[in-house]
Amino acid sequence: MVMEVSGDSFGGDDFERAERECVPVVMRGLVHDWPAVRKWKGAEGLQYMKQIAGDEEIKVMCSESDTFYGAIEKHRPMTCRFDEFVDDENKSRWKACGVHTYLAQTPINKGSMKVFLKDLAIPAIVQQKNITQINLWMAGSSSRSSPHYDPYHNVLCVVTGSKRVKLCNPNLTPNFYPLPVWGDSANHSAVNFTEPNFEQHPNYRHALEQGETITLHAGDALFIPEGWWHQVDSQGETIGVNFWWRSQFYNLMQGHMGAYYLRESLRAIAAKEVDDLVRLVEPLSAEELCGDSLSESESDLPISESMSSPTPLMADCASDDDVSCDCSSSGTFSDGNTESGEDPPVDMEPQQIMNEGRGENDMHAFDTRDAGHITETASLPSLSSIPTDRGGCEEGLDAGSPRSPESGGSPQCCVSLVDLEDHERQGILWLAGLLCSRATSDGSRVPDYSQASENVTRWLRSFPAHCFCRIIYVFARSLPNLVPLFWEMVNPVGAYIITHHLESLEGNSIKGIPGQQEFFSRIYGENEDQVLPYVLSGRGTLGKFATIQALERQLLISVEPVNQAFINA
């Protein structure tokens, strides 16, 4: 979101905060008292500028239209004297030959053009900054510059005329199809923004929809933080001056902290890719799970809402007072929205990761041959067939082993089937039925394993964290022979959801959940020493895929092979 303030009342502390948080700020009238605002205006102003710098040699950008592309490979520079550039006859002659001119990014804090500094005053908000460059920008007629971002913080000041600036959040970078990061024009877009080809660059629509447009008049200024995409239109004869300086982050990145920031930036971007992948998994509807139906709007809730807000599927579960259902408070889950803009659309197929789980060798990591009561024609369990016994144990996922009366503790009843809400019991039935239908008496798998694995992932997405813990604990205590089959059905996305559930509840008390030792011993089953490495491996597989996606989407770097075989490795 772009702030708009009065330049006269915008103090240093406020600007420091905006700079630190990389928030654009429109500062109305910040430089209205510059002598240049008065002296450089109109024909008399140009005459004055010719008098003080007319003989200075400058480089002018040329274009066949009023559109100027900043990418180096599209530059058409022309060298001339300053007085030739502002001369009306020259401009008319050049335009008759199909040549439009624009004075862009001309330094005036060094060299012979420093003469213009006497008509300016460094704004108080940047006086303590290590200014890298002060640039002069002059358009003799209406002109447009192409979308780009700068590796500098920038205060753009309009001296005469007006400019219209389209600003877009850096998290929309993939939608601009930036040029390769290894080239000299990495900060420019490959899109022909005047006539975009949406078949070639379909996501550019999102950049257009989500940007903010600001109009600046003489005396106004705009703070454009580093990395923010901007496209600028000069309306008629316009003169601007801007100040560039490096951010503290950039300076550290160029020094000994560069490798660290590279790794952490990639990890953060990959985490958002994971978040997007998980969000694509559709939770089971109440109709699928327990015969009710969710409204279309509820089934499309973003991840943090669908996992934490009361719905017909989880309303009773969400009313517990002993733990929050908000799964967005830890890990990387979010609804995809930030204060500064929306995430770019996801450009990936979730089935690439979730359908097949991992490799063939990993799928038989757990011995299921002792599940003698499970047959190929196993029928759906009934509630009456599931044990409802309770055991004395202490509440709290963060507690130790169950305490006995002799140790001074008060024995508490573990949650059992009769303690669960209807939708939680239905969740156990649904999962048990799915697993029974996918197993044979010798422990082998029946066909269509991938669909079953995907359904397990959807099941995991259908409950908030504390409901999942209650359900999986009762399931493991009641049907221990199905536990190995459950873990075999957990694919990388499912592994991420499970570990996120457990991490989000660490240290919180959940009614009926025993101490950690008892809880994990139950849910991991007899293969406890194999399950945790298996789950962590799945989470790592998802992270690896997301990192490769991030490299490809954000930096246009392809890492081979990005295919199903790799994801299942």
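The lining of the second largest pocket has 17 nonpolar, 13 polar and five charged residues (Ala, Val, Leu, Ile, Met, Phe, Trp, Tyr, Cys and Pro count as nonpolar, Asp, Glu, Lys and Arg as charged, and the others, Gly among them, as polar). The model is predicted: local features need pLDDT of at least 70, side-chain atom pairs count only at pLDDT 80 or more, and totals for chains, interfaces and linings use all residues. Residues are numbered from 1 along each chain as its sequence is written, and side-chain values use heavy atoms, with hydrogens and water left out.

Of the 35 residues lining this pocket, His 75, Ala 104, Gln 105, Trp 137 and Trp 244 are the closest to its centre. A pocket is an open set of points on a 1 Å grid over the protein atoms alone, where a 1.4 Å probe fits, with protein on both sides within 12 Å along at least five of seven lines; lining residues have an atom within 4 Å of a point.

Elsewhere, two helices meet. The axes of helix 16 (residues 465–478) and helix 18 (residues 492–504) come within 9 Å and cross at roughly 105° (axes are lines fitted to C-alpha atoms over the stretch in contact, and angles run from 0 to 180 degrees between N-to-C directions; helices are DSSP runs of H or I, at least four residues, numbered from the N terminus). Helix 16 is therefore roughly perpendicular to helix 18 (65 to 115 degrees). Ala 465, Phe 468 and Cys 469 in helix 16 meet Ile 498, His 501, Leu 502 and Ser 504 in helix 18, with contact meaning heavy atoms within 4.5 Å. This contact has five nonpolar, two polar and no charged residues.

Terms used: Parallel < 35°, antiparallel > 145°, perpendicular 65-115°, else oblique.
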